[in-house]
Amino acid sequence: MPLQQTHSTQDGKCPRSTSPQPHSDATAGESQAACHKRKILRLTEHMASTTFTPASTQPPPAPLNPDSPSTPTTALPPLPLDSSSYAAAADTSPSSASGHVFPPDLEVTPTPPGGFPVPQLGCSVWKNVNHMVRASWTIKSGPKVWARVWKARYNDDHQPTLTKIQTLVEKIARPGVAMTLHVSVLVAAEHLWEKLPPPWHYLISNIPQSLVDFLGRQVVVSTPDVMCFFLPFDPPLQMYLCTLENFALPCTTQANNVIAEVVKATLLCDREGISFIEEQLENPDTGAAERAIKSIYASSFTIALSPTKKKTLWNVYCHSPPDLSLPDFFAWACKVRSTEFIMEDYGRGTAQIGDKQLICFGCKSLDHPTGLCPFTSLSGWLGPAPQSATTDERNMVERDRGCPRKSGQQGIIHGCYHKGGSLRGQGRC
């Protein structure tokens, strides 16, 4: 999902790959290219008999400023629940077991059906944290939870942000807990020349596990004073892998399903990628790589580049990522992002990398630009209104540097699938 922000292999680059060997559906005597061609032919036959139904008939909004065609116009329409480019969070209705509820005098954005979307970060919460601070925070005893604010950026003056976070958590906690909770401030390892440089996360400790669980279930707490995202101390792996472009296909559920199958078929034929996963697994499992690849799905959305020109993009996600460390997961994602996904009738799909990588400077997710952030379209949202992402907000993805594209002859493809309607609007990083 997610990355100027990101981890990679030890040198920050994806190693050049050798030609992959047949795997899975490929027989011992069958070349990888033949395996790939056989799968694509089956998909092409399926697509020939498929009628594509537009996911939405609404025209894209016209640009607000003709000189800035990538700037969103008016407020974006609500994001369809079944086409969210995020992983939906668990139901956040307070339970009697948690012992925590929002106080009646605290105005918050209500939890949408199915929970808040989960930002797909492209870097570790420890990115650019001073090593001495990291060592100290790691050994802190007791339950802990991360917190970051909307449009977070590192600043040596922590007082304004610290006060807002601490006040919010104190309002949510019981009076006795509020007197003991502690919010640790950030110390950057070095100055980064980025628009909103990390580190972004404050550490909340000295609180009971029930409060940690409650805050983690909220994902975000939006109030008139502060918009605060919460993460468990050991965050789960993200599901976002990449954003694909250049397929000559419409923004429909049928097209996205077909693209997802192309991606899965290609990656299943990539023995090198599968071997990498199996070798890096924390708990050896010969079927883990195949299960992870088969859980890949996609979500499409449309952006307007000008009053008359639209472009469809496809986000690719792994619903059940393999049991890898975060650096190893990013290294595998790098391999996927450096792959080309070719369809005989619908072109070559490639991932948006480098300065083309999408990034939302509000929630920090990688699967949409700032102007299409789904949080700003939530009913009762108390945070900032939708904003555009101008070209100076583009970010580099460190793990993509030096990562060579793999040609279609090597059986590699990029694509995505989408679960519903299209996202209409403009603005991209």
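**Entry 1: Thr 339**

I started at Thr 339 and found a polar atom of its side chain 2.8 Å from the backbone oxygen of Lys 335. I'm reading all this off a predicted model. Thr 339 sits in the loop that runs between helix H9 (326-337) and strand S11 (341-343). Buried or exposed? I looked up Thr 339 and got 0% relative accessibility, so it counts as buried.

**Entry 2: Lys 335**

Next I followed the other end of that contact, Lys 335. What does the side chain of Lys 335 meet in a salt bridge? I found Glu 272, with 3.8 Å from N to O. Lys 335 belongs to helix H9 and Glu 272 to helix H7 (residues 271-280), so this pair ties together parts 63 residues apart in sequence. I also checked accessibility: Lys 335 comes out at 7%, so I noted it as buried.

**Entry 3: the other salt bridges**

I then asked how many salt bridges there are by this rule. The count is seven. One of them joins the side chains of Lys 311 and Glu 245, at 2.5 Å from N to O. That pair links distant parts of the chain, since Lys 311 is in strand S10 (residues 309-318) and Glu 245 is in strand S8 (residues 240-245), 66 residues apart.

I looked up both partners. Lys 311 has 18% relative accessibility; the cut-off for buried is under 20%, so Lys 311 counts as buried. Glu 245 is buried too, at 4%. I also saw that Glu 245 and Lys 311 are linked with Lys 356 in a network of salt bridges.

For another salt bridge I picked Arg 291 and Asp 285, whose side chains meet at 2.3 Å, N to O. Here I got 49% relative accessibility for Arg 291, which means partly exposed. Asp 285 has 31%, so I put it down as partly exposed as well.

**Entry 4: strand S5**

Last, I went to strand S5 (residues 202-205) and asked which residues cover its faces. Tyr 202 and Ile 204 are on one side, Leu 203 and Ser 205 on the other, and all of them are buried, leaving both faces covered.

Then I looked for the strands that pair with S5. Strand S3 (residues 145-149) runs antiparallel to S5 and is joined to it by three bridges. I traced one partner there: Ala 147 bridges to Tyr 202 of S5. Strand S4 (residues 182-184) also pairs with S5 in the antiparallel sense, over three bridges. In that pairing I found Ser 184 with Leu 203 of S5 as its bridge partner.

Key:
Residues numbered from 1 in each chain as written. Predicted model: local features only at pLDDT ≥ 70, side-chain atom pairs only at ≥ 80, totals over all residues. Heavy atoms only, no water. Buried < 20%, exposed > 50% of the residue type's maximum accessible area, 1.4 Å probe, protein only. Helix = DSSP H or I, 4+ residues; strand = E, 2+ residues; numbered from the N terminus. Pairing = 2+ DSSP bridges. Polar contact = N/O pair within 3.5 Å; in protein donor to acceptor, adjacent residues only side chain to side chain. Salt bridge = Lys/Arg side-chain N within 4 Å of Asp/Glu carboxyl O.
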